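Subject: Structure handover

Hi,

Here is the structure I promised to pass on. Please open it first, then read my notes below.

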Amino acid sequence: MQVDWELAARIARSAAGEAMPSVPPAGLPETAAAAREQIVAATGLVPTAELPPAEWVDRGAWIDANLATMRSTLGPVLEEATGGAGANASGPLGALQNAGGAVVAAEIGALLGLFARRVLGQYELNLTDPQSPPRLLLVGPNLDRAARELGADRGELVTWVTLHEVTHAVQFGAVEWLRPRLGGALTELLGAMDVKVDPRALLNLGMDDLKALAESVREGGLVGVVMGAERKAVLDRVQGTMGLVEGHAEWAMDRAGGEVLRDVDGLRAAMDRRREGRAPLLRILDRLLGFDLKLKQYAQGRVFCDTVVAARGEDGLRDAWAAPELAPTSAELAAPLVWLARTAPAAA
């Protein structure tokens with residue numbers, strides 16, 4: 001199945017809508033550089049190389065960056081979806097394959113366009129390609145709109161979001177096992193996808209079969225339809241690490257932000273309201289794509305970090321990054337006392 005990535009880009013830009021041009025705040029490079037030092041001081045994690053510069057981008061540039069990553073990671077898997085019918089199949093089979101590629105492109109484009117309307121910042125990292133340089137993206141039009149909607153000072157909001165994304169840059173720059181672990185999990189997850197669907201079988205589907213397929217898509221999303229049984233096991237293995245990444249970023253940005261921002265509590269409350277007040281359609285998409293898991297990770301991971309710091313101090317939290325086997329499992333993320341017991345220092 002050849003996905004029409006140009007079509008996906010056009011649909012994404014159309015769905016993202018027009019936005020007023022945004023002028024980056026003065027001193028953005030200095031803000032990002034200061035954020036690095038503040039996060040290093042708060043976390044004790046020291047990246048081994050320079051962090052990517054902060055880029056003030058529009059929605060289109062954010063879409064392009066994410067499409068490039070999706071094309072390199074998902075593209076090869078989706079191209080295997082011909083089920084052995086051949087890339088040059090003609091007649092009904094070829095038409096069905098081409099139509100399938102257009103449908104996938106439309107779905108990817110529509111979803112990216114919707115997310116492009118809301119995302120404020122992103123540490124963009126291709127987990128499966130170590131040679132691909134990371135980027136630190138701040139979506140200017142969305143930050144401008146969020147500041148107005150939240151009644152927040154624009155400069156403070158930009159600094160706060162920059163702290164969050166720089167935390168991710170510090171995490172991946174300082175913890176040498178993090179990118180290979182998550183990249184390996186993503187590769188395994190993609191490998192578990194059962195996309196060897198024979199288009200000839202689809203030609204013989206009856207109306208009842210099509211209704212059942214549509215119901216499966218409604219219940220579990222397109223990803224749930226094509227993913228094999230291994231999906232849950234892979235997700236369970238990686239959930240603890242992702243929870244640590246997200247929760248630690250929440251903890252670190254508040255810890256560092258308290259030193260440089262006037263109203264961290266107000267910003268936190270406003271952003272929490274923004275997350276909880278998502279439109280119903282976006283909340284459904286979150287669930288179908290697994291983004292509801294990420295929202296849970298924000299909460300569970302933050303509680304995990306707070307609990308560990310209360311019990312062992314900030315040095316104890318750094319232990320969770322010391323080795324992959326010390327990272328919490330998904331069960332320990334939800335029950336940090338279990339992790340504390342497992343990693344308790346041996347009695348002298």
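A word on terms first: helices here are DSSP runs of H or I of at least four residues, numbered from the N terminus. By that count, T162 is found in helix α6. Please keep in mind that this is a predicted model.

**Overview**

The protein chain has 15 helices and three strands. It runs to 348 residues, and 44% of them are buried. Take the contacts between residues at least 6 apart in sequence: 83% of these join residues at least 24 apart.

**Around helix α6**

Start with T162. It is buried, with a relative accessible area of 0%; the cut-off for buried is under 20%. Which residues does T162 touch, not counting those up to four places away in sequence? They are A32, A35 and L138.

Two of those names come back in the packing of α2 against α6, where A32 and A35 are among the contact residues of α2. Helix α2 covers residues 28-43, and helix α6 covers residues 154-174. Their axes are 9 Å apart, at an angle of about 60°. That angle makes α2 oblique to α6, because angles from 65 to 115 degrees would be needed for roughly perpendicular and angles under 35 for roughly parallel. The crossing of the two helices is right-handed. On the α2 side, the contact is made by L28, T31, A32, A35, R36, Q38, I39 and T43. On the α6 side, it is made by V158, T159, T162, L163, V166, T167 and V170. By class, the contact has eight nonpolar, six polar and one charged residues.

Helix α5 also packs on α6. The axes of α5 and α6 come within 9 Å and cross at roughly 120°. That makes α5 oblique to α6. The crossing is right-handed. From α5, the residues are L143, D144, A146 and A147. They meet R154, L157, V158 and V161 in α6. This contact divides into six nonpolar, no polar and two charged residues.

Helix α5 itself spans residues 140-150. Its buried residues are G140, P141, N142, L143, D144, A146 and A147. After α5 comes G151, and its phi is positive, near 65°.

A16 is found in helix α1, residues 5-16. At 1% relative accessibility, A16 counts as buried. What does A16 contact, leaving aside its neighbours within four places in sequence? The list is R59, I63, G113, A116 and R117. A16 and R117 are 101 residues apart in sequence, yet their C-alpha atoms are 5.4 Å apart in space.

L67 is found in helix α3, residues 59-78. L67 is buried too, with a relative accessible area of 7%. Not counting residues up to four places away in sequence, L67 touches W5, A8, A9, I108 and L112. W5 is 62 residues away from L67 along the chain. The C-alpha atoms of this pair are separated by 7.7 Å.

The aromatic pairs are worth a look. How many are there? The count comes to two. One of them joins F304 and W339: the ring centres are 5.3 Å apart and the planes lie at 70°, so the pair is edge-to-face. F304 lies in helix α13 (residues 291-319) and W339 in helix α15 (residues 336-342). The pair therefore ties together parts that are 35 residues apart in sequence. Are these two residues buried or exposed? Both F304 and W339 are buried.

R312 is found in helix α13 as well. R312 is partly exposed, with a relative accessible area of 25%. Leaving aside neighbours within four places in sequence, R312 is in contact with W339, L340, T343, A344 and P345. R312 and A344 are 32 residues apart along the chain. Their C-alpha atoms are separated by 9.7 Å.

Best wishes

Terms used
Residues numbered from 1 in each chain as written. Predicted model: local features only at pLDDT ≥ 70, side-chain atom pairs only at ≥ 80, totals over all residues. Heavy atoms only, no water. Axes fitted to C-alpha atoms, helices over the stretch in contact; angles between N-to-C directions. Parallel < 35°, antiparallel > 145°, perpendicular 65-115°, else oblique. Left-handed = near helix turned anticlockwise from the far one by under 90°. Contact = heavy atoms within 4.5 Å. Nonpolar A, V, L, I, M, F, W, Y, C, P; charged D, E, K, R; others polar. Buried < 20%, exposed > 50% of the residue type's maximum accessible area, 1.4 Å probe, protein only. Phe/Tyr/Trp six-rings, centres within 6.5 Å; stacked < 30°, edge-to-face > 60°.
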